[in-house]
2 protein chains.
Amino acid sequence: MLVNGASRNLISIRDRGLLYGDGVFRTFRAEHGVALHQHLHLQKIQQDCTKLGISCPALSHLEYELASLLVAHPNAIIKLIITRGIAQRGYAASADAEPTHLWDVSALPVYPMQNYQLGIALRVCELRLSQQPLLAGIKHLNRLENVLAANEPHDAKFAEGLLLDAQGNVIEGIRSNVFIVQGGVLMTPDLSQCGVAGVQRDRVITYAVQHAIPLQIRAISLVELLAADEIFLVNSVLGLWPVRQCENRHWYDFAMTEKLAGLFEQERGL
Amino acid sequence: MLVNGASRNLISIRDRGLLYGDGVFRTFRAEHGVALHQHLHLQKIQQDCTKLGISCPALSHLEYELASLLVAHPNAIIKLIITRGIAQRGYAASADAEPTHLWDVSALPVYPMQNYQLGIALRVCELRLSQQPLLAGIKHLNRLENVLAANEPHDAKFAEGLLLDAQGNVIEGIRSNVFIVQGGVLMTPDLSQCGVAGVQRDRVITYAVQHAIPLQIRAISLVELLAADEIFLVNSVLGLWPVRQCENRHWYDFAMTEKLAGLFEQERGL
């Protein structure tokens with residue numbers, strides 16, 4: 001672990017990351033010494049810092065630290081957190097606050113192969129996401145909704161939970177972004193009111209645009225999702241999982257999903 | 001400072017308080033070696049822990065630690081944070097997570113006497129609070145909305161900012177609870193969808209009930225607030241401030257507010 005460039009695993013109890021969740025994060029998957037899509041992650045965390053008014057360390061500096069971690073941990077999950085730093089009492093941020101940036105490393109998780117080949121069972125969470133346009137899309141440290149949703153009692157067969165907003169629109173998975181395919185059109189929820197815009201969501205969107213696959217980013221109801229031809233989930237740790245079951249609906253054919261999954265696999269080293 | 005009973009000012013970067021804001025807090029005002037309304041604060045933090053499924057340390061243990069801090073810091077602001085503790089990667093809380101509890105001490109702030117005597121100027125924040133009934137009322141560590149509201153550019157004459165929800169209802173101040181008086185009736189916003197229920201809000205409510213002052217806890221629009229006979233704000237650090245200005249409205253008479261403020265002053269040592 002690194003905190004502000006020093007090898008340590010502790011931060012101040014006065015760090016605004018702890019006090020208010022006043023910070024952002026991104027999670028990298030490292031394989032064979034390469035942090036997959038590292039530039040996209042760094043670009044996103046820099047954008048998120050800008051949205052919250054946190055001064056992001058220079059990307060060249062973050063790249064340098066990441067490179068040193070990759071030497072010691074070539075195959076790992078690497079998490080980067082940037083907070084607004086230590087400050088005086090009170091919610092208002094002092095202009096002279098120095099941001100804190102820290103890296104944490106953990107082992108690559110192993111998921112069942114059938115999650116990739118047959119798809120996963122997706123439960124619909126009871127919690128409804130709140131709507132805050134000023135925070136929507138940002139991968140910030142205020143994640144109590146995700147914690148509560150993950151802690152809802154549920155059968156272990158469900159590998160992920162689906163989060164809706166108060167209007168019943170589909171937003172995302174607890175730790176993933178969601179896409180549906182309907183009549184050859186790829187769709188993903190609009191995240192202007194809530195949700196986290198992950199790097200893999202951006203990659204799918206970019207791919208669709210580049211390959212002229214019809215794409216819609218808009219409100220998607222649960223009814224629409226359950227009527228879709230295909231559903232899949234993406235995130236940077238797990239990659240891409242098709243959905244084989246949600247509520248009473250089952251899916252067996254993943255033509256578009258497999259096409260995208262193949263592309264994701266090819267591009268891993270980039 | 002104390003972290004899990006030990007004299008230190010650092011916590012693990014794997015603490016869920018940092019990673020997810022997965023914890024709660026309360027702020028005590030200590031005067032002459034007494035933490036004002038300590039039992040109310042401890043009761044509230046215990047209730048908040050229960051709502052989030054965090055196992056709260058025994059109150060007798062927290063009281064013991066607080067007493068030791070009061071000997072060294074008889075006049076201070078003392079903050080207690082309880083988090084779900086250190087955990088494995090992922091939003092789901094492991095059943096065996098040991099909570100972290102920590103205390104931080106800072107100097108008593110000094111506010112202008114006119115805030116108490118003439119009242120303060122209150123601005124209306126641009127940010128609208130999001131609605132999450134599962135978190136409403138709880139003083140949890142997901143406080144980015146308060147941070148963004150406090151950081152909105154504003155004239156320094158405004159000592160506090162008023163937060164509304166998306167429907168335009170008044171909820172609270174950035175760091176205080178709000179009451180209005182209209183025709184002899186005391187009113188405070190319903191906090192079932194958003195907002196933090198502070199100890200001082202409970203005290204005012206209890207006082208009203210005990211003294212048969214008509215009290216309403218309900219949705220209050222900004223228009224209603226601006227038409228009120230009196231407005232005042234409460235929190236455990238600043239006590240009670242009347243409002244002398246909000247938008248284009250000015251107030252000069254604080255009959256009910258002064259009655260309550262007098263009571264608050266008398267009860268300080270309890």
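**Reading the labels in this model**

Q: What makes His32(B) exposed?
A: His32(B) has 9 other C-beta atoms within 10 Å. The cut-off for exposed is 12 or fewer, so His32(B) is called exposed. The model is predicted, and the count is computed from its atoms.

Q: Where is His32(B) found, and what is its phi?
A: His32(B) is in the loop between β4 (23-31) and β5 (34-35) of chain B. Its phi is positive, about 50 degrees, although His32(B) is not a glycine. Most residues other than glycine have a negative phi.

Q: How do you know whether Ala212(B) is buried or exposed?
A: Within 10 Å of Ala212(B) there are 7 other C-beta atoms. A residue needs 20 or more to be buried and 12 or fewer to be exposed, so Ala212(B) is exposed. Ala212(B) lies in the loop between α6 and β13 of chain B, and it too has a positive phi, about 55 degrees, without being a glycine.

Q: Why is Ile217(B) called partly exposed?
A: Ile217(B) has 15 C-beta neighbours inside 10 Å. Ile217(B) belongs to strand β13 (residues 215-218) of chain B.

Q: Which residues does Ile217(B) touch, not counting those up to four places away in sequence?
A: They are Thr188(B) and Asp190(B).

Q: What makes strand β12 (residues 185-189) of chain B largely enclosed?
A: Of its 5 residues, 4 are buried, so the rest of the structure largely encloses β12(B).

Q: How do β11(B) and β12(B) run, and how many bridges join them?
A: Strand β11 (residues 177-182) of chain B runs antiparallel to β12(B), with 3 bridges between them.

Q: How many bridges join β12(B) to β13(B), and in which sense do the strands run?
A: There are 4 bridges, and the strands run parallel. Pro189(B) stands opposite Arg218(B) in β13(B). With helix α6 (residues 199-210) of chain B, the two strands make a right-handed β-α-β unit.

Q: How many bridges pair β4(B) with β6(B)?
A: β4(B) and strand β6 (residues 76-83) of chain B pair in the antiparallel sense over 8 bridges, with Ile77(B) as the bridge partner of Arg29(B).

Q: What rotation and shift superpose chain A on chain B?
A: The rotation is 180 degrees and the shift along its axis is 0.0 Å, with an RMSD of 0.0 Å. That is the relation of a two-fold axis.

Q: How do you know that the copies meet through the same surface?
A: Of the interface residues of chain A, 100% are also interface residues in chain B, so the surface is the same.

How values were computed: Residues are numbered from 1 along each chain as its sequence is written. Chains are lettered from A and ligands numbered from 1 in the order in which they are written. This is a predicted model: local features need pLDDT of at least 70, side-chain atom pairs count only at pLDDT 80 or more; totals for chains, interfaces and linings use all residues. Copies are superposed by least squares on the C-alpha atoms of residues with pLDDT of at least 70 in both. Two residues are in contact if their C-beta atoms, placed from the backbone, lie within 7 Å. Two strands pair if DSSP finds at least two bridges between them. A crossover is right-handed if, with the strands pointing away from the viewer, the path from the first strand over the helix to the second runs clockwise.
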